[in-house]
Amino acid sequence: MNTVDHNRTPLFSALRRHAENNPLQFHIPGHKKGAGTDSEFRSFIGDNALSIDLINIAPLDDLHQPTGVIEESQKLAADAFGADYTFFSVQGTSGAIMTMILSVCAPGDKIIVPRNVHKSVMSAIIFAGARPVFISPARDGNLGIDHGITTRSVRRALERHPDAKAVLVINPTYFGICANLKEIVDLVHSYDIPVLVDEAHGVLIHFSDRLPMSAMQAGADMAATSVHKLGGSMTQSSVLNLKAGRVNPQRVQTIISMLTTTSTSYILLASLDTSRRNLAVNGQAMAEKAIALAEHAREAINAIPGLYCFGKEILGGEATFDYDPTKLTIHVRHLGITGYEAENWLRDTFNLEVELSDMYNILCLITPGDSEDTVGQLLGALRAMVERYPQVDEVQELVVKIPEIPQLSLTPREAFYGETEVLPFKESAGRIIAEFIYVYPPGIPILLPGEVISQSNIDYIVDHVEVGLPVKGPEDRSIQFVKVIVEETAIF
């Protein structure tokens, strides 16, 4: 068996050689190595970056039909991630997730998905004309967050819908929680149905035994993995990993090409190539560093009165089989403030940005880019926040609310393209919504096209809007009005 040399960077090396040759360019991009770009931007970004901002000329291969250095780079990535094929995405993990679904679903096909999916999943379902079969994730009423789906719920869904074309699993969740992925994969495969994994928040799990099992290790058929989120590549660069057998890799290449710009960014592609090298060569040490820093931070946070950051004690349930300790979910409701208020206070007072906030939590990511100094600054800011917002009496604590899953009355595609009218949102209970409403980040939908709006959904969304949380989706950005399906009046 040939040993793979992961110190190689075929694409990045080719880009550097091309820049060093300094060819006379009569092709796009029009800035021509920076000479035609804004001088302030050029000075800030640097000529090295601009010199490799190139297009798919012959020496540099073509992402849409790779046969040279991009193909070599993708093969190295496949080896690093334990896949049979790896496809680079410059459309982010959203593009990779949409590729997975469009590769296996045709109009009318069923796909089993958790309710707490990213909005890109629902976008793909609309494009495909597929029909989602929702599984309710396990809900943590103490923390106010969703975990993963259980093997039991997947089994029930398959028993009722054995004709489903795929099952999609989130592993890990945004908050780092994992169900028993291997058990779910084996169950779904017993029906000869492919498993698709949203692995947006799990790039490091491929490179450390101390982190949860990866999708490829569990035998999943496809996984969309954000290298940019935690693996060091540039924003918008991700990979789609594939195991051959139940999914046709040639069709996947066709679909991802349909979704990808023809002006692919070679800077993003080069960052994937070099990040794969770094992860393959140094990934275990990188993960160990992040885990050690996160565990120190978690212990220190739990020593601060009024704050709670869950750890191993959360494990033991079907939906909490494992977790990624590098995700610090910091529960702030005992301070009598929302996560959104905590996020704003940390920004305004300490110039500190968190990954996300919700009604009850803030999420901080510890990555290989962190150090004892950055973690120390986080802890200092959290201690100062507790001094500003001391712990409140138990009777004043917030009641954790999680929205119910609405009834799906039309396929998302039918509703999205249906005849609509606009109503005041607060008066829309009982109507079928024709657009999305979701909280971003993380981009999880509260209402989807085709679902019946309930009063509890309205109350939940209004609560979020009133405290300033980022509710998005409708054409009316103030969420005062919403598009619903026109109802036919009965004829007597």
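User: In this predicted model, how many bridges join strand S17 to S18?

Analyst: Strand S17 covers residues 437-439 and runs antiparallel to S18. Within this part of the sheet, Tyr438 stands opposite Pro445 in S18. The number of bridges that join S17 to S18 is three.

User: What is the order of the strands in the open sheet, and why is one side of S18 and of S19 left without a neighbour?

Analyst: The open sheet has three strands with antiparallel pairing, in the order S18-S17-S19. Strand S18 (444-447) and strand S19 (471-472) each have a single partner strand, so one side of each lacks a neighbour in the sheet. The position that S18 and S19 hold is therefore at the edges.

User: Which helix lies across S17, S18 and S19, and at what angle to S18 does it run?

Analyst: The helix in question is H16, formed by residues 455-466, and it lies across S17, S18 and S19. Relative to S18, helix H16 runs at about 125 degrees.

User: Which element gives the most residues to the lining of the second largest pocket?

Analyst: This pocket has a volume of about 390 Å³. Of the 15 residues that line it, the closest to its centre are Leu352, Glu353, Leu365, Asp370 and Thr374. Two or more lining residues come from strand S15 (361-365) and from helix H14 (372-388). The element that gives the most, with five residues, is H14.

User: How many residues in the lining of the second largest pocket are nonpolar?

Analyst: The lining residues of this pocket divide into three classes, nonpolar, polar and charged. Three are polar and three are charged, while the number of nonpolar residues is nine.

Terms used
Residues numbered from 1 in each chain as written. Predicted model: local features only at pLDDT ≥ 70, side-chain atom pairs only at ≥ 80, totals over all residues. Heavy atoms only, no water. Pairing = 2+ DSSP bridges. Helix = DSSP H or I, 4+ residues; strand = E, 2+ residues; numbered from the N terminus. Contact = heavy atoms within 4.5 Å. Axes fitted to C-alpha atoms, helices over the stretch in contact; angles between N-to-C directions. 1 Å grid on protein atoms, 1.4 Å probe; cavity = no way out; pocket = protein on both sides within 12 Å on 5 of 7 lines; lining within 4 Å. Points joined across faces, edges and corners; volume = space filled by probe spheres on them. Nonpolar A, V, L, I, M, F, W, Y, C, P; charged D, E, K, R; others polar.
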